[in-house]
Amino acid sequence: MKKNQKETIYDIAEKAGASASTVSAALNGTWEKRRISRATAERIIAIAREQGYSINLQARALRTSRSGLVALLVPEYNRFFSSIAQTFSDEVRARNQCPVIISTGRDTQKEHDTVTDLMSWSIDAIFFVGAVAPDELSRQCQSADIPHVFVDQPCDLAPSVVTDSRTGARILTREILSSMTRRGVRIGESPRDTIYFLGGDRRLPSTRNRVEGFSDAVYAHVGHLEPEQVIAETYDLDAATESIAALYHMMGGLPRGLFINSDSVFEGALRFLATLPEAELAECSMGCFDYEPLGQLLRFPVHMMRQRHKMLVQRAFTLLEDKSPPVTEMVQPELYPAPGSRDPEGRAFSR
């Protein structure tokens, strides 16, 4: 039978075996200040949802100056940023708030205008992912007293959680170089017997750190790195296709090693690589700084460096809720060697 009367806080309290004030604190997000356990808050929220109870966000905003809205700004919706967005949405809803997810296309004016719009909505907090101008955005948020945190992008003025891109790139580059050596390539002997870095934007810390990690590993292995070995001007898919095609035609074939920076660049490169015969692809050891599950189904092996999106988002929430000062936390990425790869002692990798 359909209910004619909406559930009230008192109904939820009775079902949860808690006081009405405890239920109210769990539903309006102030349970931590009341020293209510996360388990209790989550149990109350789950019961409220089961009973079809919903909070009127506009009424709550008038009562508490909080809208219940939490925003996430991302550059685009590739696999990595979409994974971050999904985890963010889950975390926000677990706190009985409403997620707002907006793509800004790596455009500084769009970032600024979006924050201005969010201010008018009395946004509770903003999570910035891969922002182009983090310090400017932080000052903008500070002027409106909006709590904020940065993910995948360090900021000198606010707490940040980032992937340790330099270490990850160094590990991935070493793995590519090891694969080249196992295939008998004498690295550095000719222009093709080397490794190239493809994609990204050097103006951004993530790319800059990956280039540094790549350079560290190459210098350690062969003692030098030519400037043309790093092609890092943009994440654009079409540009990635054009860059790998131009490199191929200039060298008369693929280089023996290729470091591909991000899954979007990988997708762009695949458009050209798919046109090549399998024998040519087999002569190039490849790695991608991002994890693409379908990559394991390709007709050539690709090493992948997986960024831990769940840990990035969860740590960002902790920093925000703890009102952390400006700090930068590093999260180590995880290497996924190509199927059939072996470690330096000849043992097969397994997951």
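Helices (H or I, at least four residues) and strands (E, at least two) are here DSSP runs, numbered from the N terminus. The structure is a predicted model, in which local features need pLDDT of at least 70 and side-chain atom pairs count only at pLDDT 80 or more, while totals for chains, interfaces and linings use all residues. Residues are numbered from 1 along each chain as its sequence is written, and side-chain values use heavy atoms, with hydrogens and water left out.

Ser285 belongs to strand β9. With a relative accessible area of 5%, Ser285 is buried; buried means under 20% relative accessible area, exposed over 50%, and partly exposed in between, with a 1.4 Å probe and protein chains only. The side chain of Ser285 makes a polar contact of 3.0 Å with the side chain of Arg183. A polar contact is a pair of N or O atoms within 3.5 Å; within protein, one must be able to donate a hydrogen and the other to accept it, and residues adjacent in sequence count only if both atoms are side-chain atoms. Leaving aside neighbours within four places in sequence, Ser285 is in contact (heavy atoms within 4.5 Å) with Ile176, Ser179, Met180, Arg183, Arg256, Gly257 and Leu258.

Strand β9 leads on to β10. The two are joined by 3 bridges and run parallel; strands pair if DSSP finds at least two bridges between them. Gly287 has His303 in β10 as its bridge partner. A further 3 bridges join β10 to strand β12 (residues 334–336), and here the strands run antiparallel. Met304 has its bridge partner, Tyr336, in β12. Strand β10 is mostly covered, with 4 of its 5 residues buried.

The next topic is the nonpolar core, a set of buried Ala, Val, Leu, Ile, Met, Phe, Trp, Tyr and Cys residues joined through side-chain atoms within 4.5 Å. The largest such core has 27 residues, of which Ile244, Leu254, Leu258, Leu273 and Met286 touch the most other members. Two or more residues each come from β6, α10, β8, α11, β9 (285–288) and β10 (302–306). Helix α10 gives the largest share of this core, 6 residues. Apart from this core lies another, of 22 residues, among them Val74, Ile84, Phe127 and Ala316. Leu258, leaving aside neighbours within four places in sequence, is in contact with residues including Ile176, Ile195, Ile244, Ser285 and Met286.

Helix α10 (residues 237–251) has 15 residues and reaches 21 Å from its first C-alpha to its last, close to the 21 Å expected at 1.5 Å a residue. The expected span is 1.5 Å times one less than the number of residues. The buried residues in α10 include Ala240, Ile244, Leu247 and Met251. Their cover includes β6 (195–198), β7 (230–231), β8 (257–260), α11 (263–273) and α12 (278–282). After the helix comes Gly252, whose phi is positive, near 75°.

Gly200 sits in the loop between β6 and α9 (205–222). Gly200 counts as buried because its relative accessibility is 0%. Val265 is 65 residues away along the chain, and the C-alpha atoms of Gly200 and Val265 are separated by 7.6 Å.

Elsewhere, 6 strands form an open sheet with parallel pairing, in the order β2-β1-β3-β4-β5-β11. Its edge strands, β2 (98–103) and β11 (328–331), each pair on one side only. Within the sheet, 2 bridges join β4 (residues 148–151) to β5 (residues 160–163), and Phe150 stands opposite Ser160 in β5.

Helix α5 (residues 79–94) has 16 residues and spans 23 Å between its first and last C-alpha, close to the 22 Å expected. Asn78 caps its N-terminal end, a side-chain oxygen lying 3.2 Å from the backbone nitrogen of Phe80. Among the buried residues of α5 are Phe80, Ile84, Phe88 and Val92. What covers the buried residues of α5 includes β1 (69–74), β2, β3, β4, α11 and α13 (309–321). Just after α5, Asn96 takes a positive phi of about 60°.
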